[in-house]
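Hi,

Here is the structure I said I would pass on. Have a look at it first, and my notes on what turned up follow below.

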Amino acid sequence: MTGGFKEPVYVTRPLLPDLEKFKLRLNKIWESKWLSNMGEQHRLFEESARKALKAPYVSLFNNGTTALMAAVRFLGLKGEVITTPFTFPATPHALLLNGVHPVFCDIENETMNIDPDKIEAAITSKTTGILAVHIFGTPCDTVKIQKIADKHGLKVIYDAAHAFNTEIDGVGIGNFGDISMFSFHATKLFNTGEGGCLTYKDGCFKPGIELLRNMGIKNEEEVITAGFNGKMTEIQAALGMLNLELIEEERGKRSRLQEIYHRELSGVEGVACYKNPENIKESLQYFTVRIDEKQFGSSRDSVYEEFKKYNVFTRKYFYPLCSEYPCYKDYPSAEKELLPSAHKAADEVLCLPFYGELTNEDVEKICGILKGLKK
Ligand SMILES: *Cc1c(COP(=O)(O)O)cnc(C)c1O
């Protein structure tokens, strides 16, 4: 039996810049006495984030969820929006909190993204949009989704919370659909502690989105719509500037660890790893496997429990499905029989530890533990 780890190994660790460098930026903020409301750091970071994401326009937010809510509100979505149940709660909640009902559509078995071939059957006279998620950074079928949207006059929002740096044929993932949302939460590949942004191709969106972000305040004399407070602080933006400098190195390390995972786990019966095609630049935010209980001899849940005995804390993303939450379970689209691939994914997926500080030996050991659990 392979021994466990002395210190707990978590699924991720946040990227953190050199503290002395951060203090230099904090000094500037202290001198300026400007803590929020789009100051110098915000201006610099917005431009840097825009370049990193290869996106035409960016609006920064205090977190990804408020950004997503602003997108739903700005596009005027109402009635029903078709989305995936295999995601983080923020995705359907951003709809419901805007008075829009999510309609759950099953996912593709391979990519675990919304199945474009099942979207049209879910469209009704009330449908106003599609909210798709690039799950684990794997791009959705953006071509098929756009075709359906154009045919039926629907808006498309992408939840790209997992897809920082993902590109399709060299095009930044934030260029697809009407609006995309990125999360900069501490657990994401790129973080500002809490934070997020929207990206979009149409520059005309900028004033309207940013009005929602700041209470609908146009100027000192006029408040022209109902907005909320979604503003990113100077301290978040400063952290973002420094963490952006670390991304390439982190990606290099993760790419090496991913290779080891693939090498060690290929050929293990009952353990499947999804591989993106060659034209995709991967986000490298997660490393996930699927445990097929019949072939592996042990369920995903028991693998998850067993790993803890070795001081390895994996995550069951995304279990339970959103369609199982009390606020959605009675929706007609939430019926289990309609979502077989989503239920299968929720029962099989396990996120393994994946961050640059892990050594090759750590990953080999994690794979050894997993292989030891096969029955
Ligand atoms: C993290 C995440 C969000 C929300 O991000 P926050 O920045 O934490 O508000 C939304 N959707 C998905 C799929 C996520 O994983």
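One bit of wording before the helix pairs: a crossing is called left-handed if the near helix is turned anticlockwise from the far one by less than a right angle, and right-handed if it is turned clockwise. Please also keep in mind that this is a predicted model.

With that wording in hand, helix 3 and helix 7 make a right-handed crossing. Helix 3 covers residues 64-74 and helix 7 covers residues 205-213, and their axes come within 9 Å, crossing at roughly 120°. That angle is why the two helices count as oblique to each other. On the helix 3 side the contact is made by A70, R73 and F74, and on the helix 7 side by F205, G208, I209 and L212. Sorted by class, that gives 5 nonpolar residues, 1 polar and 1 charged.

Next, helix 1 (residues 19-32) against helix 8 (residues 234-244). Their axes are 10 Å apart and the packing angle is about 145°. Here too the crossing is right-handed. Helix 1 brings K21, F22, R25, L26, I29 and W30 to the contact, where they meet E234, I235, A238, L239, M241 and L242 of helix 8. The tally by class is 9 nonpolar and 3 charged residues, with no polar ones.

Helix 9 passes helix 13 in a right-handed crossing. From helix 9 the contact takes in R256, L257, I260, Y261, R263, E264 and L265, and from helix 13 it takes in N360, V363, E364, I366, C367, L370 and K371. By class there are 8 nonpolar, 1 polar and 5 charged residues.

Now the charged pairs. As a reminder, side chains of opposite charge can pair when their charged atoms come close. How many salt bridges does the model have? The count comes to 27.

K281 and E167 meet through their side chains in a salt bridge, at 3.7 Å from N to O. K281 sits in strand 13 (residues 280-281) and E167 in strand 6 (residues 167-168), so this pair ties together parts that are 114 residues apart in sequence.

K374 and E269 form another salt bridge, with the closest N and O atoms 3.8 Å apart. This one also links distant parts of the chain: K374 is in the segment after helix 13 (360-372), E269 is in the loop between helix 9 (247-265) and strand 12 (271-272), and the two are 105 residues apart. K374 counts as partly exposed at 29% relative accessibility, and E269 is partly exposed as well, at 49%.

K329 and D330 also pair through their side chains, at 3.7 Å from N to O. K329 is partly exposed, with a relative accessible area of 47%, whereas D330 counts as exposed at 64%. There is also a network of salt bridges that links E46, K206, E210 and R213.

Finally, two single residues. N165 lies in the loop between strand 5 (155-159) and strand 6, and it is buried, with a relative accessible area of 6%. Leaving out residues up to four places away in sequence, N165 touches A52, L53, I247, R251, K281 and E282. Of these, K281 is the lysine that bridges to E167.

I291 is in strand 14 (residues 287-291) and counts as buried at 1% relative accessibility. With sequence neighbours up to four places away left out, I291 touches G270, V271, F296, S298, S299, R300, V303, E348 and L370. One of these, L370, belongs to the helix 13 side of the contact with helix 9. By contrast, G252 is 39 residues from I291 along the chain, and their C-alpha atoms are separated by 27 Å.

Cheers

Notes. Residues are numbered from 1 along each chain as its sequence is written. This is a predicted model: local features need pLDDT of at least 70, side-chain atom pairs count only at pLDDT 80 or more; totals for chains, interfaces and linings use all residues. Side-chain values use heavy atoms; hydrogens and water are left out. A salt bridge is a side-chain nitrogen of Lys or Arg within 4 Å of a carboxyl oxygen of Asp or Glu. Helices (H or I, at least four residues) and strands (E, at least two) are DSSP runs, numbered from the N terminus. Buried means under 20% relative accessible area, exposed over 50%, partly exposed in between (1.4 Å probe, protein chains only). Axes are lines fitted to C-alpha atoms, for helices over the stretch in contact, and angles run from 0 to 180 degrees between N-to-C directions. Angles under 35 degrees count as roughly parallel, over 145 as roughly antiparallel, 65 to 115 as roughly perpendicular and the rest as oblique. Contact means heavy atoms within 4.5 Å. Ala, Val, Leu, Ile, Met, Phe, Trp, Tyr, Cys and Pro count as nonpolar, Asp, Glu, Lys and Arg as charged, and the others, Gly among them, as polar.
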